[in-house]
Amino acid sequence: WLPEQKNCKVERIGPSSCQMTLVEGRNRQIRKMMQALGFRVVKLHRIEFMGIHLTEGLKFPGDWAHLDEGEMELVENALRLAQEDS
């Protein structure tokens with residue numbers, strides 16, 4: 001069973017790989033969606049979060065980078081919206 005979700009874009013990028021774009025991801029959602037379709041997720045890699053690209057300079061788990069002014073603004077706006085919703 002999967003809860004109702006917003007649209008998800010799926011693009012095949014290789015014989016055994018695809019790229020999925022979610023507007024709002026839930027706990028283990030991609031793994032559950034792929035399992036429901038008969039596929040097994042072997043490797044999962046997040047490339048963007050809140051409009052911030054995570055692929056440049058972040059090669060290994062635990063890597064981090066400073067946010068630029070635009071990225072900080074995205075985070076601050078998201079936090080402001082979250083406070084308004086609670």
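Analyst: Lining residues are sorted here by type: Ala, Val, Leu, Ile, Met, Phe, Trp, Tyr, Cys and Pro count as nonpolar, Asp, Glu, Lys and Arg as charged, and the others, Gly among them, as polar. The model is predicted, so local features need pLDDT of at least 70 and side-chain atom pairs pLDDT 80 or more, while totals for chains, interfaces and linings use all residues. Residues are numbered from 1 along each chain, and side-chain values use heavy atoms, without hydrogens and water.

User: How much space lies in the largest pocket?

Analyst: Rolling a probe the size of a water molecule over the atoms shows where empty space is left. A pocket is an open set of points on a 1 Å grid over the protein atoms alone where a 1.4 Å probe fits, with protein on both sides within 12 Å along at least five of seven lines; lining residues have an atom within 4 Å of a point. The largest pocket holds about 1,500 Å³. Among its 35 lining residues, Gln19, Met20, Ile30, Leu44 and His45 are the closest to the centre. This lining comprises 18 nonpolar, eight polar and nine charged residues.

User: Which strand gives the largest share of that lining?

Analyst: Strand 2 does, with six residues. Strands are DSSP runs (E, at least two residues), numbered from the N terminus. Strand 2 (17-22) pairs with strand 1 (8-14) in the antiparallel sense over six bridges, and a two-residue hairpin joins them. Glutamate 11 has glutamine 19 as its bridge partner.

User: What lines the second largest pocket?

Analyst: Eight nonpolar, two polar and two charged residues do, including Phe49, His53 and Glu71.

Key:
Points joined across faces, edges and corners; volume = space filled by probe spheres on them. Helix = DSSP H or I, 4+ residues; strand = E, 2+ residues; numbered from the N terminus. Pairing = 2+ DSSP bridges.
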